[in-house]
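Student: I would like to learn how to read strands and helices in a model, one feature at a time. Could we look at it together?

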Amino acid sequence: MYLSRDEEAIYRGDKGETLRRMMEILVALGDIYGAERLVPVRSVQVAGVSYKNIGDAGLEWISDLEGQVVVPSVLNPAGMDLYCWNDMGISKQFATKQQETIEAYRSLGVTIDCTCTPYQIYSHLAQEGDHLAWSESSAVSYANSVIGARTNREGGPSALAAALIGKTAMYGYHLDINRLPSHVIQVKADLVGSDYGALGFLVGKQVGDGVPLFLLRSTPSRDELKALGAAMAASGSVALYYVDGVTPKPPESGYDHKGCENISIEREEIEAVYAEHKGEDADIVALGCPHCSREELERIADLLAGKKVAKEMWVCTARKIRDACPDLVARIESSGARVFCDTCMVVSPATERFGKMMVNSGKALVYLPGLGGVNAAFGSLDECIDVALGRRRA
Ligand code: F3S
């Protein structure tokens with residue numbers, strides 16, 4: 001891989017041991033994936049934040065680094081709400097380790113926004129055509145597909161390397177050649193809300209790491225696109241998709257539908273996702289995977305208005321969203337539900353004490369049993385709220 005004179009100096013260690021190690025990571029990845037050079041990134045989203053996932057080894061590795069990030073950098077969700085961790089049932093021991101992890105990132109200059117939806121709080125992090133180094137799979141999918149930026153799915157170390165160097169190796173989704181559709185998905189149903197999560201759940205399994213192009217009858221909102229991409233990144237490893245007439249278009253050169261595999265999805269297949277994951281015996285309902293937008297909080301507050309939940313119910317969002325709409329949070333929490341920030345139902349160890357969790361997210365449906373240690377049920381937002389209220393069984 002070509003390195004400029006400055007990059008070579010960093011690689012030799014002229015700018016210190018931390019930067020030398022970071023450059024070593026970028027060069028190793030570039031060599032493995034055939035990158036010709038490094039490319040500057042506009043922003044970084046760093047994974048490897050929940051102490052549940054990184055443990056002492058990860059905390060030590062981060063604490064050992066010196067210096068400051070040189071581009072705007074934010075974090076993935078942590079293992080707990082950084083303020084209300086006690087209300088989640090998190091132990092003091094875990095909380096101490098999680099806070100140490102957060103402080104280690106803070107000392108490197110990383111902004112302590114722990115969210116998988118940084119694009120909902122900061123527009124300057126990603127614009128169409130920008131190169132990024134983001135980590136969380138749903139954020140990567142949204143950045144590539146809905147914003148039209150360019151990022152691979154970075155691991156924790158490679159994202160931090162990009163944050164400290166300000167560059168990433170130019171391969172994968174940074175290149176036009178890897179951004180061409182591989183599958184055309186004809187959806188023969190009108191979709192709304194969590195149907196997009198169900199669609200993503202189905203399509204991710206079929207296309208794996210492909211690049212699907214959807215022909216839809218309905219026009220998805222940004223929140224629905226967020227749900228679609230999150231589910232496909234979990235049931236498959238889709239990092240980029242297109243919705244004809246809605247998202248930014250594929251690169252012009254070499255774009256040809258004819259080489260694509262065709263898949264069609266019928267209404268019955270969407271319905272089967274709900275039918276196979278009913279939530280009648282769920283002991284908790286959790287919403288906000290990916291983290292809720294303000295509009296989603298509004299809808300939840302409306303559905304809960306004047307009612308009391310009969311089961312534990314969590315709503316996960318970014319702290320900046322919560323802080324921007326205290327009225328909505330108060331309306332939701334007056335029902336007995338809790339709005340938690342900085343974390344989520346998958347990366348927090350707090351979920352492990354539950355038997356079955358009901359969600360409206362295709363991504364959480366995939367990850368909860370393995371990563372969250374809890375069985376999962378899937379329903380629409382209305383069904384989830386009904387289960388939380390004990391009103392009827394979904
Ligand atoms: Fe975000 Fe956690 Fe879901 S990181 S996408 S809320 S699994």
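Tutor: Let us begin with a term: a residue counts as buried when its relative accessible area is under 20%. Please keep in mind that this is a predicted model.

Student: With that cut-off, how many residues of strand β9 are buried?

Tutor: Strand β9, which spans residues 284-292, is mostly covered, for nine of its nine residues are buried.

Student: How should I read the way strands stand beside each other, and what is the order of the strands in the open sheet?

Tutor: In general, the strands of a sheet pair through backbone hydrogen bonds, either parallel or antiparallel. Here the open sheet has five strands in the order β11-β10-β9-β12-β13, and the pairing is parallel. Strands β11 (338-341) and β13 (375-378) stand at the edges with a single partner strand each, so one side of each is left without a neighbour in the sheet. From one strand to the next, the twist averages 30°.

Student: What kind of unit do β9, helix α11 and β10 make?

Tutor: Together with helix α11 (residues 294-304), strands β9 and β10 make a right-handed β-α-β unit. Another helix, α14 (residues 362-372), lies across β9, β12 and β13, and runs at about 165° to β13.

Student: How do I read two helices packed together, and at what angle do α8 and α9 pack?

Tutor: Two packed helices are described by the angle between their axes and the distance between the axes. In this model, helix α8 (residues 195-207) and helix α9 (residues 222-235) pack at an angle of about 30°, with their axes 7 Å apart. Angles under 35 degrees count as roughly parallel, and therefore α8 is roughly parallel to α9. Their crossing is right-handed, and the residues that make the contact include Y196, G197 and G200 of α8 together with A227, L228 and A231 of α9.

Technical notes
Residues are numbered from 1 along each chain as its sequence is written. This is a predicted model: local features need pLDDT of at least 70, side-chain atom pairs count only at pLDDT 80 or more; totals for chains, interfaces and linings use all residues. Side-chain values use heavy atoms; hydrogens and water are left out. Buried means under 20% relative accessible area, exposed over 50%, partly exposed in between (1.4 Å probe, protein chains only). Helices (H or I, at least four residues) and strands (E, at least two) are DSSP runs, numbered from the N terminus. A crossover is right-handed if, with the strands pointing away from the viewer, the path from the first strand over the helix to the second runs clockwise. Axes are lines fitted to C-alpha atoms, for helices over the stretch in contact, and angles run from 0 to 180 degrees between N-to-C directions. Angles under 35 degrees count as roughly parallel, over 145 as roughly antiparallel, 65 to 115 as roughly perpendicular and the rest as oblique. A crossing is left-handed if the near helix is turned anticlockwise from the far one by less than a right angle, and right-handed if clockwise. Contact means heavy atoms within 4.5 Å. Two strands pair if DSSP finds at least two bridges between them.
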